[in-house]
Amino acid sequence: MGGVIVALLTALAVAVGWAGDIVFIVSKDSDIEGITLSELRKIYLREKEFVGGQYAVPVNLPAGNPIRKVVERKVLRMDREELELYWNRKYLDGTEPPVVLSSEKAVKEFVRKVKGAIGYVDEDNLEEDLKVIYRLKR
Amino acid sequence: MKSLLFLFVFLPLLVFSQETLHYVPGRGLRIQPIKSTLGGYVTVSYERSDIHESFELDDLALLIYGHPLERFKYFLELELDDLYSVKNGKKRFKKRIDIERGYIEFLLSEAFKLRAGRFITPVGLWNPIHINVLKWTTSDPLTATEFFPKFTTGLEVFGNLPSDFSYSMFAQNNRGISEGYNNFLTRKVIGGELRKELGENLKIGLNGGWFEIKEPEEELTFFGTNILYRVPKLELSAELMYAIEKEKYLPETRWSYRLSYYAQGVYRVFRGNYAIVRYGFFKDKSDLRHYRILTLGWNFRPVYYTAFKVEYQLRRKKELSTFLTSFSWMF
């Protein structure tokens, strides 16, 4: 029940524009300092596998998450049907889509632990030991 | 081959516990301990013209691939092609299993990745997506079937370069894996393609290569170009291929050519429903084949992992005009 209330409040916050920017993060120790929107798009579509010599591991929030919906619309610039067709091709080509983690907390943990991991969270949930490599306006 | 099938397909199901296995329809079975995925696809197709009728259960394919190490990938696809077919009333049941793709890949950097084994020849727009469930229509344009071998058994070097360029170079100088399962019987191939993205919506490619056909003994030198424009709900594409043919035992001056191109438009009419129009041209001077084909098609995808297609190919000779339909499913 609690989860449903949080999801509803988040959706409401997004709808009325209260939520902050979305920040793409890496570990503080990562060599990645910054990234372009075009590079980010290619990394999340698994068309680009390395950033600055480091193998990149993109991480997604679950399908339907309001932050992920913004990322799909503004970074990938594809609707759900286009993405499904895109991943059909990648599946039969031997490419896995980005890892899906259940929450922003899990994304932050993963990014801290895995070298090359790139995730996204609401900037209000950013913590000091994480480095922002791209800021996305909602 | 049966033991290979058992080793790669059934053994993982017996060895790993249920908790480490995760199945998603159309995306296969994820086997987490070996960072691999097991899946496949199947196609049923029907074709009819005034002079030909066929029904086929083809493309029953099983694949396993993985990325067990950061810079190492593998891919194996076993296929029962034309498993059961009825062509002009003649029934045929084929039991042979072919290796459609089987390769290992080393990721050295973004610009330099190496693939070794049998892989789809990375030429053009259509050939890399020749699997039925991925294609917009059941039929293929002749640019994808008459100019280069669909599969190469050898080495491929590929990667992404600065300024939104990407490339693939490939070569074969040996017998092919499952070499009978290819559109040309060849043991010597070399070629490549250079691609450029012009913004997010437009891609162009230039390719070229050479290969030797075993039967009949011929050499083909091919060149091609392609363009793809994609925006929400609309995809426009075109390919052009030209090849110079030389029969091995004829004088150098005796050569011929073949030329083909197509232009295609795909429009998403409403969710899961796509209308396709394609105009194709093919001319082979050596055997006087000359086709102009207008294809009108519909692709219905009730869920993302299935495709139901119908199309009608209009040709100048009415008896060659063909109706095609297929159902394909990824699992």
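Colleague: Which residue follows α2(A), and is its phi positive or negative?

Modeller: That's R46(A), and its phi is positive, near 60°. Before we go on: this is a predicted model, where local features need pLDDT of at least 70 and side-chain atom pairs count only at pLDDT 80 or more, while totals for chains, interfaces and linings use all residues. Residues are numbered from 1 along each chain as its sequence is written, with chains lettered from A and ligands numbered from 1 in the order in which they are written.

Colleague: How many helices and strands does chain A have?

Modeller: Elements are DSSP runs numbered from the N terminus: helices are H or I over at least four residues, strands are E over at least two. Chain A has five helices and seven strands, arranged along the sequence as α-β-α-β-β-β-α-α-β-α-β-β.

Colleague: Which residues of α2(A) are buried?

Modeller: Call a residue buried if 20 or more other C-beta atoms, placed from the backbone, lie within 10 Å of its own. In α2(A), residues 37–44, that picks out L40(A), K42(A), I43(A) and Y44(A). Across chain A, buried residues make up 25% of the 138 residues.

Colleague: What do those buried residues of α2(A) pack against?

Modeller: Packing is read from contacts, meaning C-beta atoms within 7 Å of each other. The partners in chain A are the strands β1 (22–27), β2 (50–51), β4 (57–60), β6 (117–122) and β7 (130–136), plus helix α3 (66–76).

Colleague: In what order do the strands of the open sheet in chain A run?

Modeller: The order is β5-β4-β6-β1-β7 in chain A, with mixed pairing. At the edges sit β5 (99–100) and β7 of chain A, each pairing on one side only. Helix α5(A), residues 104–113, packs on this sheet by touching β1, β4, β6 and β7 of chain A. Its direction makes about 150° with that of β6(A), using lines fitted to C-alpha atoms (for helices, over the stretch in contact) and angles from 0 to 180 degrees between N-to-C directions. Inside the sheet, β1(A) and β6(A) run antiparallel, joined by four bridges, and I25(A) has G119(A) as its bridge partner.

Colleague: How many bridges join β12(B) to β13(B)?

Modeller: There are 12, between antiparallel strands. They form a hairpin with three residues between them, and G199(B) in the turn has a positive phi of about 80°. L198(B) stands opposite L202(B). β12(B) also pairs with β11(B), antiparallel over nine bridges, where A171(B) faces I190(B).

Colleague: Which residues touch the most other members of the largest nonpolar core?

Modeller: In soluble globular proteins, nonpolar side chains tend to be buried together. A core here is a set of buried Ala, Val, Leu, Ile, Met, Phe, Trp, Tyr and Cys residues joined through C-beta atoms within 7 Å. The largest has 24 residues, and Y41(B), L63(B), L76(B) and L78(B) touch the most other members. β4(B) gives the most to this core, five residues. Another core, of 23 residues, lies apart from it and includes I25(A) and Y44(A).

Colleague: How many residues of chain B are in contact with chain A?

Modeller: 24 residues of chain B are in contact with 17 of chain A. On the chain B side, β3, β4 and β5 each give two or more residues, with the largest share, three, coming from β3(B).

Notes. Buried ≥ 20, exposed ≤ 12 C-beta atoms within 10 Å, placed from the backbone. Contact = placed C-beta atoms within 7 Å. Pairing = 2+ DSSP bridges.
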